[in-house]
Amino acid sequence: MPVWGDDPAIIRCDHRSPPSVPEQAVPEPGDPCPEGARPAAEILSWSRRLLDPALRNAVETMPDTMRGVAAYHLGWRDERGHRLAGRAAGAAGKAIRPALTLLTARAVGGTAEAALPAAVAVELAHNFSLLHDDVMDGDLTRRHRPTAWTVFGTGVAVLAGDALLAAAFEALARGAAPVVPRAVRTLGRAVVDLVEGQSADLAFEERGDVTLDECVVMAGRKTGALLGAACALGADHGGGTADQAARLRAFGERLGLAFQLADDLLGIWGDPAVTGKPVHSDLRARKKSLPVVAALTSDTPAGAELAALYRRAEPLTGDDAARAAELIDAAGGRAWTIARADALLAAALRELDAADPTPVAAAELQTLARLIAHRDR
């Protein structure tokens, strides 16, 4: 099993027992907050109110076919192009990444409005990745609806994802002129890392020798890179220093890996009413998620039984997937993942504190960080 190195963001592997949660304290939800700091629901609602008009404007510039697929994927329209409203329009997600962009701009003394082009770009790039991810994984549902590729076809969904990525860079170009070149480089590098992480994730499905170190690097690229870029873009658009931008990027990267750990837990033990996906969907697909690889490399009887189950040629039944979940838990994969997420949250909050943020924005970023890292609990 993995053990901690000196840096909580890095691990090495051996076959000892899962570590306990490190002593670095994660601030408790009841800790005092500065006056004016909002709870998570209010922060996300505020972010969506700022984001949505600009995001819709960006999508409206697309040609008809791409616009229709994007609007469906984002939960704005149904498959026939009819506008959705109220609870039916709930498929757009929480938009956590743009919320981080807007808040990090405030954290360095700037305004959320100055960072709005970057927030739009981050959300467009994220949804580009989701459209492609659904195709590659063969996922049939997302956010309680059929995935776009199952409705419009694989090719059209892939092209719509490409259009969203192009629109992301168009959105960045609308920012303040001095920061645009650096912003384009920041987002471009994050997308390259994201694609490399997704490529590794696909390759792992065909391999039986995936190590936990490899899996952590993959997750850091696939999820951490874009969250890190979201925070760095906010700092740049808010007028922060180079050191503040670097610290906030590190905050986002560590938080992104914690986000992936929580997502992996939800993929195994999450309630379908919350996740929008069938129970044990990741296990049925034999995904090499972090809890799975932690269990497979545990050198335990449960880990060995799980490996045998994953090697079976025939599809996994519902009972097989349920047994796999039990084995991951017994082998320590669940405990390791929870402890790792807590350690990454603590490391992320230390980076945030080192960026010398404004008090209210810092408190709100802490609130979102806890929400992201503890979505599975």
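This is a predicted model: local features need pLDDT of at least 70, side-chain atom pairs count only at pLDDT 80 or more; totals for chains, interfaces and linings use all residues.

Mentor: The protein chain has 16 helices and four strands.

Trainee: What share of the protein chain is buried?

Mentor: Of its 377 residues, 54% are buried. As for contacts between residues at least 6 apart in sequence, 74% of them join residues at least 24 apart.

Trainee: Why are helix 3 and helix 4 called roughly antiparallel?

Mentor: Helix 3 covers residues 96–107 and helix 4 covers residues 116–137, and they pack at an angle of about 160°. Angles over 145 degrees count as roughly antiparallel, so the pair is given that label. Their axes are 8 Å apart, and the crossing is right-handed.

Trainee: Which residues make that contact?

Mentor: Helix 3 contributes R97, P98, T101 and L102, while helix 4 contributes L116, A118, A119, V122, E123 and H126. Sorted by class, the contact of helix 3 with helix 4 has six nonpolar, two polar and two charged residues.

Trainee: What makes helix 3 roughly parallel to helix 8?

Mentor: The axes of helix 3 and helix 8 cross at roughly 30° and come within 6 Å. The cut-off for roughly parallel is an angle under 35 degrees, so helix 3 counts as roughly parallel to helix 8. The crossing of helix 3 and helix 8 is also right-handed.

Trainee: Which residues are in the contact between helix 3 and helix 8?

Mentor: From helix 3 there are R97, L100, T101, T104 and A105. From helix 8 there are T223, L226, L227, A230, C231, L233, G234 and A235. By class, the contact of helix 3 with helix 8 has eight nonpolar, four polar and one charged residues.

Trainee: How do you know that the length of helix 6 agrees with its number of residues?

Mentor: Helix 6 runs over residues 154–172, which is 19 residues, and at 1.5 Å a residue it should span 27 Å. The expected span is 1.5 Å times one less than the number of residues. The end C-alpha atoms of helix 6 are 28 Å apart, so the two values agree.

Trainee: Which residues of helix 6 are buried, and what covers them?

Mentor: The buried residues are A157, A160, G161, A163, L164, L165, A167, A168, A171 and L172. The cover includes helix 1 (40–60), helix 2 (64–73), helix 4, helix 5 (148–152), helix 7 (180–204) and helix 8 (212–237).

Trainee: Why is A125 called buried?

Mentor: A125 lies in helix 4. Its relative accessibility is 2%, and buried means under 20%, so A125 counts as buried. Apart from neighbours within four places in sequence, A125 is in contact with L165, A168, L187 and L226. The C-alpha atoms of A125 and F169 are separated by 8.6 Å, although the two residues are 44 residues apart along the chain.

Trainee: What makes D134 a buried residue?

Mentor: D134, placed in helix 4, has a relative accessibility of 2%, so D134 counts as buried. Not counting residues up to four places away in sequence, D134 touches D139, R142, T147 and W149.

Trainee: Why does Q260 count as buried?

Mentor: Q260 has 10% relative accessibility. The cut-off is under 20%, so Q260 counts as buried. Q260 is in helix 9, residues 242–269, and with neighbours within four places in sequence left aside, Q260 is in contact with A219 and T223.

Technical notes:
Residues are numbered from 1 along each chain as its sequence is written. Side-chain values use heavy atoms; hydrogens and water are left out. Axes are lines fitted to C-alpha atoms, for helices over the stretch in contact, and angles run from 0 to 180 degrees between N-to-C directions. Helices (H or I, at least four residues) and strands (E, at least two) are DSSP runs, numbered from the N terminus. Angles under 35 degrees count as roughly parallel, over 145 as roughly antiparallel, 65 to 115 as roughly perpendicular and the rest as oblique. A crossing is left-handed if the near helix is turned anticlockwise from the far one by less than a right angle, and right-handed if clockwise. Contact means heavy atoms within 4.5 Å. Ala, Val, Leu, Ile, Met, Phe, Trp, Tyr, Cys and Pro count as nonpolar, Asp, Glu, Lys and Arg as charged, and the others, Gly among them, as polar. Buried means under 20% relative accessible area, exposed over 50%, partly exposed in between (1.4 Å probe, protein chains only).
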